[in-house]
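Visitor: Hello! I am new to this structure and would like to learn how to read it. Could you show it to me?

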Amino acid sequence: MAKWFIRTTRAAVAIVAAVGMLLIPTIAAAEYGFDFQRPVTEIAHDLLWLHHLIFIICVIIFVGVFGVMFYSLAAHRKSRGHKAATFHESTRLEVVWTIIPFFILVGMAYPSTTTLLKMDDVTNSDLTVKITGHQWKWQYEYLDQDVSFFSVLATPQAQIHNEAKKDPHYLLEVDKPLVLPVGKKVRFLVTGADVIHAWWVPQLGLKKDAIPGFINEIWARIDEPGTYRGQCAELCGKDHGYMPIVVQAVSDEEFKTWIGEQKKLKVAAAAAAERSWSKEELIEHGKEIYNKTCVACHQANGKGVPGVFPAIAGSKIATGPVDGHLNIVMNGKPGTAMQAFAGQLNDVDLAAVVSYERNAFGNNTGDVVQPSQVKALRK
Amino acid sequence: MATAATAHHEEHPYGITRWLYTTNHKDIGTLYLWFSFAMAIVGGTMALVIRAELWQPGLQIVEPGFFNQMTALHGLIMVFGLVMPAFVGLANWQIPMMIGAPDMALPRMNNWSFWILPPAGTLLLLSLFAPGGAPQAGWTLYPPLTIQMGMGMDFVILSVHMLGISSVLGSINIIATILNMRAPGLTLMKMPLFVWTWLVTAFLLLAAIPVLAGAVTMLLTDRHFGTHFFNAAGGGDPVMFQHVFWFFGHPEVYILVLPAFGVFSQIIPTFSRKPLFGYESMVYATMSIAFLSFVVWAHHMYTVGMPTAGELFFMYTTMMIAVPTGVKVFNWVATMWRGSLSFETPMLYAIAGVFLFTIGGLSGLMLSITPADFQYHDTYFVVAHFHYVIFAGSVLAIIGAVYYWMPKWTGHMYNETLGKWHFWLTMIGFNLTFFPQHFLGLAGMPRRIPDYALQFTEFNQWSTVGAFILALAQLLFLYIVIQTIRGGEKASGRVWEGAEGLEWTVPSPAPYHTFATPPKIR
């Protein structure tokens, strides 16, 4: 038996070595993340410290207990002629190894409790941002500044489908990041529009579920300017892996300038809705909106996913009356993944995307929808 | 006359009717175990689809929707199709033999509780072919996402009901058997630990499964009959589902792992040639774990935004579970201490099971710390944690138990060399798959994503290589089991030098009917 054991052990070691050799080149080339990302808020620092504390305690316990076990495995073998002892109980030992872990746990609970109390204190904030999770994008509303926008994945489909080289921030880049001032206590109100999402930026030490019908509160005070990336952490359907979060922390002055620009953009968009748009303009802009907003479900070829997401190519809605088409785009279809886009897109965007859908994918209806038509429907 | 009567008892029908109509605990145990193995192959194949897609960033093999179907079904199949039926199979084979009973207390119900399983499993798999495919919402089935799913979701709801009914019938049978059919003189505090842990598990099942049935029924009525249990817009509460689900879900974790503790407590004393250390404290620790498992559920949902007092309560109760679990590990180590150890395959599985399960237990302690959990929650750290608990705890125990008792079942010794090969390949595959996932999670990779940022590539590749080694190693297991059934060195009645207990007093293979007259207990 012992011989077999040695031989199999030797074989196992050989296999480990072989697999190891295969992996060594990748080890050398890789930037490995073994631990939390570098924290940039006080809370995230506390969490890293707490994580290390608990981890080290666990490792000490583990090494202690299994040190004893491995000593026994080596020393008390039958093959070495060790005779079994007969003891099989000791009340004193049982009490000892019940009480000692209990006190270790109390020691761990104390710093955990104080950190939790600090995290849950959302009072005295300088700025409030409402975060809404949608399938599959984030909406940010600066409640006091009257600024709001959607933030969607900016990684091109070609990179996802391996037709183009992947950027360094593959899947972790968005069209419009959440811009926040450093040194200010920012309170976030987190909610969901359709299903449950979770807003998570590891470097800020924040993760909170975005639940329809609930508003959760969290806060962060960012120490230094920079770009911090995160992802949705709660499974929210097909494109759960494709709704990243990018936070751009800037100085307070830059933040104020940025807010000013956002307000000007809003005025410009309202003006654009007043004029009449040409068919080419609408289709070009509509294609852009489609590829950002609709493509996840209805697909780049407009054919949808059979049985799950309906096609736009040749569909009754996209080739039927214009009003019916506008209605479903603006008001959505309850009980399905089709959202109401009236609140997400402005008049120009809606007019353009409907015009595009009615003329793309072989739908050649020739119809053009003007922003003014959309505006009229909003009333 | 006597011999003729015995011979008559040994007869059983042949062919398909033997298995369809059987009320024999050994036949039913065999059915459960084979069903479980078939499900392991299906669920394992799904895991390989997941790992193959995650080999590198970008979408290569499957689309995100199908990927989500794989993660949901893999979870459901492994929990309800592999681990639970395997332990019921072991209970069927062993409990009557370990307590000196001729069979289970309710043999016809036993047949029924098994034969619900194949249709339930089939229904679960058929959901893949429903319009829209299987649910894409994970095994936890959280609404409102599950309200959006296609008809496949209804297949899964019905399947979960059937699996639940089977489990409840099985546990009633196990409780009735243990409480009524013990040989005279075998008091509760003399029962083998495997019997004890199953008794406690059966009560957990009785309490937890109906709660799950309630939760999925509410999903069904929300989907089709206009109720709004979980729809905030209709006055419902999506978080309530999570509370109800995890009120089932946390005891479920111990349903999967307590019988494994029982298996470790049988195997370790045998190969240490020394009685189990701290028998009584083991029994009380099992009961404490079972009790605590009902008051910790919300630690699965720290991020939903509970009041601070609630989060503190669930953090403290969860940390408390470490105490009785620690007692068990200490007792196993103390059992080995100054024993006369030998390392046959079952012992290797038991040692590895205790060792690796403790890694999962300690990462569980880390997860119990509410503030730190905000970083761990829904990342690969959690995936690594529960595979260290469920694979290293439950599945290694199941495999170890099969090696331990297979000579008793078949009358043949398995091939020890191949057994050790199987063990070491499983160890390499398992640790290579799941250990790097700790790092992935800490570094920020969310779970349940089909595609990932570039910095996660290397560890994902390790993990994928490991998963294929792990899966292929299990084909070796199948070969070993078939080889042992068909022949091999004859096993003695006692089988193992250090084996203690009633099952080792009958010949190997165990006769079709054992203990027609109860044995005498010293």
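Visitor: How many residue pairs are in polar contact across the interface of chain A and chain B?

Guide: Please keep in mind that this is a predicted model. Across that interface, 29 residue pairs are in polar contact, with both residues at pLDDT 80 or more. On the side of chain A that touches chain B, the elements giving two or more residues are α1 (2-29), α2 (42-75), α3 (91-119), β7 (206-210) and β9 (226-232) of chain A. By class, this side has 59 nonpolar, 27 polar and 17 charged residues.

Visitor: Which side chains meet in a salt bridge?

Guide: Look for Lys78(A) and Glu497(B), whose side chains meet at 2.9 Å, N to O. The count between the two chains is one salt bridge.

Visitor: What area is buried between chain A and chain B?

Guide: The size of an interface is often given as the accessible area lost when the parts come together. Here about 9200 Å² is buried, and carbon and sulfur atoms give 71% of that. Chain A brings 103 residues to the contact and chain B brings 105 residues.

Visitor: Now the sheet, please. What is the order of its five strands in chain A?

Guide: Strands of a sheet pair through backbone hydrogen bonds, either parallel or antiparallel. This open sheet runs β3-β2-β1-β5-β8 in chain A, with mixed pairing.

Visitor: Why is one side of β3 and of β8 in chain A left without a neighbour in the sheet?

Guide: β3 (147-151) and β8 (216-221) of chain A stand at the edges, so each has a single partner strand. From one strand to the next, the twist averages 25 degrees. Helix α5 (residues 252-274) of chain A packs on the sheet, touching β1, β2 (137-142) and β3 of chain A.

Definitions and conventions:
Residues are numbered from 1 along each chain as its sequence is written. Chains are lettered from A and ligands numbered from 1 in the order in which they are written. This is a predicted model: local features need pLDDT of at least 70, side-chain atom pairs count only at pLDDT 80 or more; totals for chains, interfaces and linings use all residues. Side-chain values use heavy atoms; hydrogens and water are left out. Contact means heavy atoms within 4.5 Å. Buried area is the accessible area (1.4 Å probe) that two parts lose on being put together, summed over both. A salt bridge is a side-chain nitrogen of Lys or Arg within 4 Å of a carboxyl oxygen of Asp or Glu. A polar contact is a pair of N or O atoms within 3.5 Å; within protein, one must be able to donate a hydrogen and the other to accept it, and residues adjacent in sequence count only if both atoms are side-chain atoms. Helices (H or I, at least four residues) and strands (E, at least two) are DSSP runs, numbered from the N terminus. Ala, Val, Leu, Ile, Met, Phe, Trp, Tyr, Cys and Pro count as nonpolar, Asp, Glu, Lys and Arg as charged, and the others, Gly among them, as polar. Two strands pair if DSSP finds at least two bridges between them. Axes are lines fitted to C-alpha atoms, for helices over the stretch in contact, and angles run from 0 to 180 degrees between N-to-C directions.
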